[in-house]
Amino acid sequence: MAAPPENVPSFIAAQLSHLLSHFRLTLQVEQMWSGDKFNTGPLDRFTLLIPYCLDFIKWDVVFDAESPNAAPDVIFGPEDDRFHPFHMLPSPESNSNCLSDWNHKDPSRLLTLIQFLRDQYVLYQRKRVEEVDDDRLKFEISTILSREGIEMHMSCSAEKLEEVKFAVPLLDMNINKMVSCCPWRYSQKIYLQVEYPVGRKYTSLPSAPRLKLVSSPELKAVFSIDDVKLPPWLDGMCLAEYLPNLEEYLGKQVLDAVSLIEVRRHFIEALAIPFGRPVEADPVFCRKATFLCASGVFTFLVHFLIPTQFPKQQPAFMFQSSQHFNSQMAPLKSRLLSEYPWSPRWEPLLMAERICEFLADEALIFKRQCTEGQLQQ
C-alpha cells in the first residue's frame, strides 16, 4: 500500500492507512482532494473504491481538516439515494461505536465505520432484490439463501431493463493452504456471476441467466478460470440445481491445477541437467525459470515461461543477450518462441533434451541477429 500524500493531515493519514491495511477486501483510493475553496489546502477527503458483488461501489469520505474531533461524512453514489444505513438498525444506540463517540486518535475507527456500512449495504441490496416483482427471481432467491456469502445487486437505467446480479462464492476449500509457501495475502476465491433480466412476463420456460466465472486475480498463477467451460444450463433448471454439479466439476479442476505445480517443478529440475543450475526460478508456482547459456564466446540468458496447463501446453522461451544492448542500454531480446518439437507424453528429461537441441540452432540465429543489428527494441 502506498503511503498517503504528505499534505494529508496526520490523523486522516493514520485512519486511511489502517483501513487499507486491515480491511478484509482490497480497497482502492481513487482520488483525494481538499475541502478548501481553491483546492490548495490539506487533502481531507477522498473517494474509496469498495469491492461489492464482483464490481466496485464508490463512496466519498469527507473529513474536516480543521475539526479532527468530528466524524467524517460518507456520501454514497447517486443510484443509492434510498440507502440509509443507520435507519436500518433495530435501535439508534446501535450506531454509537461508529459515529456517536468518534475518536480521531483511534486509527481503527474508519475501518469499523466502512465495514459497518458495507455490511448494511449488503442487506440493503438484498432487500431491494427481494422486493422485485418477478416470480422466477423470488423462487431463485428462496432456493439459495441458505448459502453463505452471496451478494446481490439490482441495477436499472434508461438504457436497459432492470437486472439483478448475484455473486455466488464457490468451493468450500482453502486454496491458499493447498499451495506450499503461499504468498497470497487474501484468501483466493472463485465466484459464479449470475445475471437475471427482471420485469418480464414469460410465456414459456425462462431462458438461462448469463453465467460467468470470476476469480481473484492472483489465482491465475495456478488456475485460470478462462480455461473452464461451464456446464450447460438445462431447460427449467434453477440455480440451486446448477451449483452442485458446477462445484464438483470445478473442484476437480482446481485440485488438478494445484497438482501440476509439482509437475512443473520436476520439469525445471530436468532443465537443470542440460542447462545447469537456473539463475532464477519461481519457487512457489514454478511458472518461470532463467538459465545462463553460452555459444562459443556469446553468452545469453534463456527465460522459460511455463503455462498452468503444462505439459498439455508447451513452455515458451526467450533469449536475452548479455553482450548486446539497444540505444536505451536495455539488453536485446528475441521474440517469444513457442513452436518447436514437443509431446506432453515425453518424460521431463526428454523434454529438456529436445529443447536443448532446438535451442542450439536458435541461439546461433539470435547471435547473428544481435551482431548484425537486426533486433530493433
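Gly276 follows helix α6, and its phi is positive, near 90 degrees. Helices (H or I, at least four residues) and strands (E, at least two) are DSSP runs, numbered from the N terminus. This is a predicted model, in which local features need pLDDT of at least 70, side-chain atom pairs count only at pLDDT 80 or more, and totals for chains, interfaces and linings use all residues. Residues are numbered from 1 along each chain as its sequence is written, and side-chain values use heavy atoms, with hydrogens and water left out.

Helix α6 has 37 residues. Its span from first C-alpha to last is 52 Å, close to the 54 Å expected at 1.5 Å a residue. The expected span of a helix is 1.5 Å times one less than its number of residues.

Helix α1 covers residues 10–22. It has 13 residues and reaches 18 Å, close to the 18 Å expected. Its buried residues are Phe11, Ile12, Ala13, Gln15, Leu16, Ser17, Leu19 and Leu20. Buried means under 20% relative accessible area, exposed over 50%, partly exposed in between (1.4 Å probe, protein chains only). What covers these residues of α1 includes β1 (28–34), β2 and α3 (109–130). Contact here means heavy atoms within 4.5 Å.

In strand β2, 10 of the 10 residues are buried, so the strand is largely enclosed by the rest of the structure. Six bridges join β1 to β2, and the two run antiparallel. Eight bridges join β2 to β3, also antiparallel. Two strands pair if DSSP finds at least two bridges between them.

Thr47 sits in β2, which spans residues 43–52. Thr47 is buried, with a relative accessible area of 3%. The bridge partner of Gln31 is Thr47. Thr47 also stands opposite Asp60 in β3. The side chains of Thr47 and Asp60 make a polar contact at 2.6 Å. A polar contact is a pair of N or O atoms within 3.5 Å; within protein, one must be able to donate a hydrogen and the other to accept it, and residues adjacent in sequence count only if both atoms are side-chain atoms. Leaving out residues up to four places away in sequence, Thr47 touches Gln28, Val29, Glu30, Gln31, Trp33, Lys58, Trp59 and Asp60.

### Two cysteines with positive phi

The hairpin of β2 and β3 has two residues between the strands. Cys53 lies in that loop. Its phi is near 50 degrees, a positive value in a residue other than glycine. Cys53 counts as buried at 2% relative accessibility.

Cys286 lies in the loop between β9 and β10. Its phi is near 55 degrees, a positive value in a residue other than glycine. Cys286 counts as buried at 2% relative accessibility.

### The five-stranded sheet

An open sheet of five strands has the order β9-β10-β11-β12-β13, with antiparallel pairing. The edge strands are β9 (280–281) and β13 (331–333), and each pairs on one side only. Two bridges pair β9 with β10 (residues 288–295) in the antiparallel sense. Ala281 stands opposite Ala289 in β10.

### Aromatic rings

The structure holds 32 aromatic pairs. Rings of Phe, Tyr and Trp (its six-membered ring) pair if their centres lie within 6.5 Å; planes under 30 degrees apart count as stacked, over 60 as edge-to-face and the rest as tilted. Two tilted pairs follow.

| Pair | Centre distance | Plane angle |
|---|---|---|
| Phe63 and Trp102 | 6.4 Å | 55 degrees |
| Phe267 and Phe310 | 4.7 Å | 40 degrees |

Phe63 and Trp102 link distant parts of the chain, 39 residues apart. Phe63 is in the loop between β3 (55–62) and β4 (73–75), and Trp102 is in the loop between α2 (96–100) and α3. Both are buried.

Phe267 and Phe310 also link distant parts of the chain, 43 residues apart. Phe267 is in helix α6 (residues 239–275), and Phe310 is in the loop between β11 (298–305) and β12 (316–325). Phe267 and Phe310 are both buried. A cis peptide bond joins Phe310 to Pro311, with omega about 5 degrees. Pro311 is in the loop between β11 and β12.

### Helix α7

Phe366 is in helix α7 (residues 348–371). Phe366 counts as buried at 1% relative accessibility. Phe366 and Ser334 are 32 residues apart in sequence and 6.8 Å apart in space, C-alpha to C-alpha.
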